Amino acid sequence: MNILWQHPNSEWVPLTHCDKLRCESIEFVMAKWDWDKLVWGKVRRLVFNLQKRIYKATKLGRYKKAKSLMYLLQNSYYATLLAVRTVTTENFRGKSFCSAKTFSSEGKRTAGVDRVKVNTPKRKMALVRDMLDTIHTGWDKYRPMPAKRIYIPKSNGKLRPLGIPTIKDRAMQAVTKLALEPFYEARFESCSYGFRPAMGCHDAIDKIAGALLKKQKWVLDADIKNCFDNIDHKFLTTQIDAHWRPIIKRWLKAGYMEKYDYNQTDMGTPQGGTISPLLANIALDQMETDLIEHLRSIKGWKVKIGTTKVSIKTDKKTKKGYKCRSHLNIDLIRYADDFVVLHEDKEVIEESKRFIGMWLEVRGLTLSEEKTKIVNSTDGFDFLGHHIRHYENRIKGTYKLKLLNGNPTEQRKAKATHVLRVEPTKEKVKLHYREISDTIWKLKAATPSELIRILQPKITGWANYYKAVHSNEAFSKLDHLLWKRLYQWARRRHSQRGKRWVADKYFCTVKGRKWTFAEIRGKGKDRVIVKSLKGYSKHKERTGSHARVGYDRSYFDGDTAYWAERLSKGYGNITPSKAKMLKRQDGICPVCKGRFMNEDLLEAHHIHPRHLGGENKYTNLVLVHLHCHDKIHRENKNLKGRRSNYTDDGQPSDTNEWAKQVWNV
């Protein structure tokens, strides 16, 4: 079998035969590599191309071909390089936008039981060499070390146990995940949204809102008790192909160290392992399929449940066709171990709870009695930090008459008995404000600029999570509480001054919004707003503007136009500001000329550096890959503080080629 191979340090090199490549020793191959000069765009593209082939082969039922490609990817140099970068570089600088069940990027910095940290290019290449040596020696001889047990606080005050593998074991898990993920993505149900590439919490919330939009339903609001810690190893390994089964079993049985004591793991997957979310999804897959088959097998229930027939509908606005199951009357939406079941008949929901309880027992899991309940949508329920409820329609009087004489949409709005609202839970609002208030209290001696720099990411992150639901009331309340807290902070700094003087010094009008906290310099006509705080309401977008991922779609399906469009609209782990720059650049990085992908870490680069007078505005910003950003500053080590790299008018000089290249975007 002839395999095309490309050297990762160069743009184009002659392609060689796979057998000839494998004859080269690891030292001979590694001698040609320099971590700082690797073309990461090429590495990522070659890996992704193989992943797409695995996905398509699995979809077509060509499992033998798919497994051959999986084996090739797992043992390739490029997958090893990408895996090491994932667990060493991207996990250090990436931010987590997932659910609270995922540990933060700070936790990913923790070393394993061997106390080894890989934080320099030399150490990263040494880890790559060690991994290639282990892979070429044979996966059957690889033995992982025990995980390091640490605890992090949960929202309810309890502690969540995490198992942190060594950095090498994390990288070995990452390279295996690269091979396994596209295979199982082709088989996963479309009702699952947790820990899947290019999908997230907002897709699950939008699916629930769509199912409840027209009528009230009964809801099974369920939670699996300690899901990650109780998954049955025997069942899980039977869901894994025979070739990868021994490797997965070793990670599951590796145990953990807690205060110098070794503990065996007879069940569960360690929260903290790179491959653990994928294993949890594999264990919980087919929940919807088995539930529908069981309910339809009950006499007289086929009409109640409907059929799973997939039909194609055309959107009236975009004229695009999309797949859906319009004849199915029951909905199951799962995000990791949290899921809901929706149906009009309470009896169906009760039977669903009984069946799913038995279905989970086979996997060593049980439903949490504390968190699992059956409610009507008119009573409301919480899911992923959102409160979803049908409220009585209070439209009446002349406004109702006006709507009844309007278009069909307004008429339906007036005639509806209930109105669906999806809003932030009160607990989340309280916890967030407490965090903001504590942060302001700790920064009593900080300058306004420092306070804004620390508060803005917290406000923006929280507001972006709830921006597309009914969050106007929560945002207005938080804006008011934030103003009161900041005004108290300002009065404390100037206790001898009057209220008007304090207000003029720290608050101003920005884009029509009064009482905006800002750093202001000068007086009278010379007043200049250096930096202002963007409140919650400024992040609000039209309710329901989020468009969930299509039915039976996967990031590995090869439809780059579809996923690029979603990424440019801000869907996924990307902020609205970066989405705006992404759309302006047509999804292309100006440094490597490669297209941005959902798994890439993106950073904003200042064309004209701020220390030289450059502004923090879109006109002075360009979006680049993380590794491209590193390359710009690595090849211009003396850029900061040196005006010789720029001409008098602020344009890059000939000595700064990378800045010049970015400037010409």
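Predicted model: local features only at pLDDT ≥ 70, side-chain atom pairs only at ≥ 80, totals over all residues.
User: How do you know which residues make the contact between helix 7 and helix 8?

Analyst: Contact means heavy atoms within 4.5 Å. On helix 7 that picks out Leu127, Asp130, Met131, Thr134 and Ile135, and on helix 8 Ile167, Lys168, Ala171, Met172 and Val175. By class, that's seven nonpolar, one polar and two charged residues.

User: What makes helix 14 oblique to helix 16?

Analyst: Helix 14 (residues 287-297) and helix 16 (residues 346-361) have axes that cross at roughly 125°. Roughly perpendicular covers 65 to 115, and roughly antiparallel means over 145. An angle of roughly 125° lies between those ranges, so helix 14 counts as oblique to helix 16. Their axes come within 10 Å, and this crossing is right-handed.

User: Which residues of helix 14 and helix 16 make the contact, and what classes are they?

Analyst: Helix 14 brings Met287, Asp290, Leu291, His294 and Leu295. Helix 16 brings Val348, Glu351, Ser352, Arg354, Phe355, Ile356, Trp359 and Leu360. Sorted by class, there are eight nonpolar, two polar and three charged residues.

User: Why is alanine 414 called buried?

Analyst: Buried means under 20% relative accessible area. Alanine 414 has 2%, so alanine 414 is buried. You'll find alanine 414 in helix 18 (residues 408-415).

User: What does alanine 414 touch, leaving out residues up to four places away in sequence?

Analyst: Alanine 414 touches Asn393, Lys400, Leu403 and Leu404. Take leucine 403: 11 residues separate it from alanine 414 in sequence, while the C-alpha to C-alpha distance is 6.0 Å.

User: How much of the protein chain counts as buried?

Analyst: Of its 665 residues, 50% do. The chain has 26 helices and 18 strands, and it exposes about 34,800 Å², with carbon and sulfur atoms supplying 51% of that area.

User: Among contacts with a separation of 6 or more, what share comes from residues 24 or more positions apart?

Analyst: Those residues account for 69% of such contacts in the protein chain.

Key
Residues numbered from 1 in each chain as written. Heavy atoms only, no water. Axes fitted to C-alpha atoms, helices over the stretch in contact; angles between N-to-C directions. Helix = DSSP H or I, 4+ residues; strand = E, 2+ residues; numbered from the N terminus. Parallel < 35°, antiparallel > 145°, perpendicular 65-115°, else oblique. Left-handed = near helix turned anticlockwise from the far one by under 90°. Nonpolar A, V, L, I, M, F, W, Y, C, P; charged D, E, K, R; others polar. Buried < 20%, exposed > 50% of the residue type's maximum accessible area, 1.4 Å probe, protein only. Areas by Shrake-Rupley, 256 points an atom, 1.4 Å probe, with all protein chains shown as cover.
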